[in-house]
Amino acid sequence: MVGGGISGLVCAYALRKAGIDAQLVESSPRPGGVINSVTRDGYLLELGPQSFSSTPALRELCVDLGISDQVLQAPPHAPRYVLIGGQLRPVPLSPPAFFMSSLINSSTKWALVRDILGKSIPPDGDESVAAFVRRKFSPQLLDRLVGPFVSGIYAGDPERLSVRSAFPQLYEAEKTAGSIIRGMLRLAKSRKGPRERPVLQSFREGNETLVRALANKLGSALQTGTKVADISRQNDGTFQVSLQNRTGSESISTKSLILATPTDVTGKLLSSLDSSFESPLSSIDYAAVAVVSLGYRKQDVGHGLDGFGFLVPRSAGLRVLGSVLNSSLFPGRAPEGHALLTSFVGGTTDPAAAKLQPEELVSLVHHEISAPLSMKREPVFSNVTIWPRALPQYNLGHGDRLAAVANLCSRFPGLWLTGNYLRGPAIGSCVDQALEVAEEVRKNLAQ
Ligand SMILES: Cc1cc2nc3c(=O)[nH]c(=O)nc-3n(C[C@H](O)[C@H](O)[C@H](O)COP(=O)(O)OP(=O)(O)OC[C@H]3O[C@@H](n4cnc5c(N)ncnc54)[C@H](O)[C@@H]3O)c2cc1C
């Protein structure tokens with residue numbers, strides 16, 4: 001297995017649990033990929049994902065790894081805000097709240113009623129999220145809620161993201177029920193087991209607890225600081241994998257090869273098997289994101305900081321995409337009497353932002369969040385992390401690109417792919433997909 005982010009770690013762990021001698025190599029000195037929790041000056045910082053939504057598989061995994069007693073749940077009713085007209089306005093989270101909300105105009109509300117009572121058919125071709133929302137609802141819904149929500153997940157551009165790939169449930173709902181709302185309700189009813197609202201979670205010592213627990217279980221089956229430099233295929237169908245680390249290079253041969261690497265690496269490695277792999281994989285765009293964590297004295301913040309955080313519609317003209325109120329969600333994120341906030345800047349609509357210097361980013365974020373949060377003084381702590389390739393973009397044509405890759409993979413029995421560009425970037429989706437791949441590999445080896 002190649003790539004020790006959450007996808008690779010979970011897949012390797014599941015394989016070893018099934019009695020398969022999986023070996024995982026990770027190029028960087030630490031496992032976890034973009035999941036990285038660090039403590040600085042008494043602040044517990046998440047340099048990548050800030051929290052994750054619970055899913056049944058994740059919950060089971062935490063029990064299995066013996067870390068469920070370390071799980072923290074964000075307050076389930078913490079409000080989420082959008083910044084409209086310089087004010088933080090609560091996002092309506094239930095249908096009655098939505099119909100009562102002054103965030104949404106009456107023509108958007110009518111469009112929802114039309115969706116519930118009427119019937120529509122999605123277009124044959126791939127449709128962007130923006131075109132979908134304008135066709136079904138309204139430009140206002142796109143600007144105020146859907147656009148900010150899309151930046152919260154993908155740091156993406158709704159004009160380019162494919163609704164079918166990025167939000168497949170919405171596409172399926174319209175296709176099967178002729179209505180988004182009826183289709184989503186039908187889908188919720190068809191789910192097995194008790195209905196539960198996904199809850200945002202982390203661990204007492206940060207998201208990296210999950211990574212550390214998986215790495216501990218893998219033990220010597222995980223080799224960090226080891227990069228896969230090349231892959232070739234032998235006449236007997238096995239893969240020859242060239243590894244490089246500080247002490248030199250070696251080559252190993254394997255019957256099954258699972259790549260859990262980002263698409264640029266995956267494309268390059270696989271191009272030595274077939275050059276046609278490179279084009280569909282390297283044409284998957286990634287958003288660059290700067291993660292800016294700021295610590296304030298609570299007495300210097302006028303806002304009550306109650307809630308999950310806020311998102312910023314692009315029409316607000318700010319560069320901050322959104323901010324998470326870390327110390328309001330989980331205990332132990334900031335020293336006594338201080339608050340920790342993490343903001344995201346950049347994304348596909350503002351690629352230049354992630355090229356700014358850390359001091360410029362700190363000043364920009366402080367300046368932009370000061371008014372809505374009534375900050376009285378400068379932050380007393382700051383940390384900036386820039387991810388040049390933070391999140392894969394499920395843009396128009398993503399489905400065709402993945403189909404081309406799957407078709408090529410089928411010519412190489414024993415080759416499998418897992419990772420956040422396949423079934424959703426959320427940690428829960430990566431875990432689900434990695435477990436499915438492990439199960440397919442297990443079945444394949446048992447044949
Ligand atoms: C800023 C940010 C905020 C996010 N926020 C959230 C959130 O709030 N909630 C949520 O659920 N998700 C969030 N996500 C998304 C989620 O964290 C990621 O999609 C997920 O962690 C990706 O895991 P992965 O294993 O697929 O990929 P990665 O974490 O990218 O792992 C790939 C691994 O492959 C390794 N590798 C690369 N090349 C080689 C090579 N040649 N040889 C060996 N190893 C190699 C890399 O070093 C890396 O460790 C966020 C992501 C980012 C960046």
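Trainee: Between which two elements is the loop that holds Q393?

Mentor: The loop with Q393 runs between β18 and α15 (398-409). Both labels come from DSSP runs, numbered from the N terminus: a helix is H or I over at least four residues, a strand is E over at least two. The model is predicted, so local features need pLDDT of at least 70 and side-chain atom pairs pLDDT 80 or more, while totals for chains, interfaces and linings use all residues. Residues are numbered from 1 along each chain as its sequence is written, and side-chain values use heavy atoms, with hydrogens and water left out.

Trainee: Why is Q393 called buried?

Mentor: Its relative accessible area is 1%. Buried means under 20%, exposed over 50%, and partly exposed in between, with a 1.4 Å probe and protein chains only. Q393 therefore counts as buried.

Trainee: What makes the pair formed by Q393 and Y154 a polar contact?

Mentor: A polar atom of the Q393 side chain lies 2.7 Å from the backbone oxygen of Y154. A polar contact is a pair of N or O atoms within 3.5 Å; within protein, one must be able to donate a hydrogen and the other to accept it, and residues adjacent in sequence count only if both atoms are side-chain atoms. Q393 also touches other residues beyond four places in sequence, including D157, Y286 and H398, where contact means heavy atoms within 4.5 Å.

Trainee: Is E26 buried or exposed?

Mentor: E26 has a relative accessibility of 8% and therefore counts as buried. E26 is in the loop between β1 (24-25) and β2 (37-40). Among its contacts beyond four places in sequence are G3, P31, L222 and T226.

Trainee: Which element gives the most to the shell around the ligand?

Mentor: β18 does, with three residues. At least two residues each come from α1 (6-17), β10 (227-233) and β18 (381-392).

Trainee: What makes L214 part of the picture of the nonpolar core?

Mentor: In the largest nonpolar core, of 38 residues, L214 is one of those that touch the most other members, together with I6, L15 and L210. Such a core is a set of buried Ala, Val, Leu, Ile, Met, Phe, Trp, Tyr and Cys residues joined through side-chain atoms within 4.5 Å. α1 gives the most to this core, with eight residues. Beyond four places in sequence, L214 touches I6, L9, V10, Y13, L61 and L65. A second, separate core has 25 residues, M375 and L83 among them.

Trainee: Which class of accessibility does S374 have?

Mentor: S374 has a relative accessible area of 36% and is therefore partly exposed. S374 sits in the loop between α14 (358-370) and β18, and its phi is near 50 degrees, a positive value in a residue other than glycine. L305, in the loop between β14 (286-297) and β15 (309-311), has a positive phi near 55 degrees; at 9% relative accessibility, L305 counts as buried.
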